[in-house]
Amino acid sequence: MADLLTATPATASAAPSPRARDRRRARRNTLIGWSFILPNFLGFAVLTLVPVIAAFALSFMEWDSYNPPEWVGLDNFQRLLNDESTKIALRNTAFYALGHVPLTMLAALGLALLLNRKIAGVGFFRAAAFFPYITSMVAVAVVWNMLFNPQFGPVNQFLQFLGVDSPPGWTTSTTWAMPAIILTSVWRDMGYYMVLFLAGLQAIPVEQYEAAKVDGASTWQRFRAVTLPGLRPVTFLVLILLTVQSFKVFDLVVVMTDGGPGRATLVLSQQIYRRGIIEGEFGYASAISLVLFLLVLVFTLVQFWFNSRRERR
Amino acid sequence: MSTVDTAAAPRARGPLAIVRRVALYVALTLAALLILVPFLWMVSASLKRNNDVFTIPIQWIPKDFQWHNFADIWTRVPLATYLGNTVFLSLVITFLQVLTGSFAAYGFAKVRFRGRDTLFLMYIATIAVPWQAYMIPQYIMMQKAELTDTFWSLILLQAFGAFGVFLMRQYYLTIPDELCEAARVDGLSEYGIWARIILPLSKPALASLALLTFVNTWNDYMGPFIYLTSNDLWTIQLGLRSFVGQFDADYAMIMTGSVLSVLPITIIFLLGQRHFIQGIASSGMKG
């Protein structure tokens, strides 16, 4: 079979020339290589690769589970532009990203700087900062919902103690529900990105700090001249990961507010779920997912481009 | 984890150094408390009478401990079923992911053949595509195959992730090729090299992948939420969520359920902390 499929020029003689041996070995390697990859690849191809490609095609079709799919060109995208709730979901997702990305980044960097030292017990503090990340979103959302309880919750009790007369209604208020979700997600995710920042800090050569010290640089100057530039690759990575993660936000919103009150916290993933899986409008939902994917892609590319430009300077 | 002291280290002895050190520990303890406060509140509320959960001022230590909350919850909701389902799913998915992931990673890292790198690029590219972007076709496929509302859907969807292949490959690249070369000279087949040389050497990476996959599956909400509709198939996350809807004002019980859903993960985290952090640091950094 393999012989028939590979178009090899018929130059090989009957005697095993070195070239023929090479080719045989290459073919053997290909077989062995594929045999290792195949078990995973079968699952991956059927359940990830095919759906990714199908998602593209579907977004140009109209299809529910009852009628056969029909090619409708750009209709789904036109509808998307006029769909109030999709526009709201897009706006809310952007709002969430604008809060979640910078705040998580600052918190994670702060924690990493605080915990990047050799002192007794630092392991415990790192573990404590990381712990929220591995607890389930449902438990986290449930607990924070209670902490944010407008009347009796500890958060508002604390705010009143600080002298805030009418603290926000958090998840019951259309203005404050999204900030409540953002705060919860920052708290949960900062430990994860702290680990990345810590690894980045430890990759900065100690000699650079020593050289700066010899030159008489103060702590702040050393931070600006050595730490920040040294962290650029990690910062870039964190920025991409955080942006992508923000656009995908789903379960925290579903459990904390389910998009409410009203549509105040409805996000894109939720809109895809509602249109596609609940209402069975596969084509239209796929069009929304394509927008989500393009957003993620554009942001990743812009950040890549921005970073490479800064590096060249 | 080796650390490099980059901040201004109080090397000098003397009263100032001691003050700085104390201040540092106070700051660290405050930060840790602030981060852990939701958990403390959760545990405290789970041991209270329902009326005592929301009091002004906050009661941090319950007046009298309601230990029976932790016994009662098992009869209020089918918690044992939920936990059993979650354990089953997490174990099966973790096993398959680690097995197929490390097997495929060997092909990508140690066997040279045409098209290998293109194929790997395809894997990487799909990691960048958000899952939400292709969940509709996946759902249609599962529906056509009549696998929705079975464990099969979740096992198939999560056991062949590209992430596991990526993580293991990154680790295998750090194992010198000479080791495999020597084993080949000794007459070991490629499968033998994988099983007897590479696998034992990659224990830390296997542990990282296994722990991360287990915890992710345990905590997964979106997958079970979309695919599992029958109550007797629910995982602990779905159970907890529906519990909140059912017993809206039963705050103490809800917190008891939350504690029980978080407890197994806490134990696993405390045992395997190092591997978690290494797995995250290496999968994030070496890419």
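Author: Start with helix H4 (residues 84-115) of chain A and helix H11 (residues 232-247) of chain A. In this predicted model, the two pack at an angle of about 145 degrees. Their axes lie 9 Å apart. The crossing of H4(A) past H11(A) is right-handed.

Now the residues. H4(A) brings Thr93(A), Tyr96(A), Ala97(A), His100(A), Val101(A), Thr104(A) and Met105(A). They meet Val238(A), Leu242(A), Thr243(A), Ser246(A) and Phe247(A) of H11(A). By class, this contact holds seven nonpolar residues and five polar ones, with no charged residue.

Next, look from chain A to chain B. Here 77 residues of chain A are in contact with 73 residues of chain B. On the chain B side, helix H13 (residues 251-285) of chain B supplies the largest share, 14 residues. That side of chain B has 53 nonpolar, 14 polar and six charged residues.

Last, stay within chain B. Its domain assignment gives domain 1 (15-69) and domain 2 (72-285). The C-alpha centres of these domains of chain B are 33 Å apart. Their contact takes 12 residues from domain 1 of chain B and 10 residues from domain 2 of chain B. On the domain 1 side, helix H1 (residues 15-46) of chain B gives the most, with four residues. The residues on that side of domain 1 of chain B are five nonpolar, five polar and two charged.

Methods
Residues are numbered from 1 along each chain as its sequence is written. Chains are lettered from A and ligands numbered from 1 in the order in which they are written. This is a predicted model: local features need pLDDT of at least 70, side-chain atom pairs count only at pLDDT 80 or more; totals for chains, interfaces and linings use all residues. Domain bounds come from an automatic or database domain assignment. Two residues are in contact if their C-beta atoms, placed from the backbone, lie within 7 Å. Ala, Val, Leu, Ile, Met, Phe, Trp, Tyr, Cys and Pro count as nonpolar, Asp, Glu, Lys and Arg as charged, and the others, Gly among them, as polar. Axes are lines fitted to C-alpha atoms, for helices over the stretch in contact, and angles run from 0 to 180 degrees between N-to-C directions. A crossing is left-handed if the near helix is turned anticlockwise from the far one by less than a right angle, and right-handed if clockwise.
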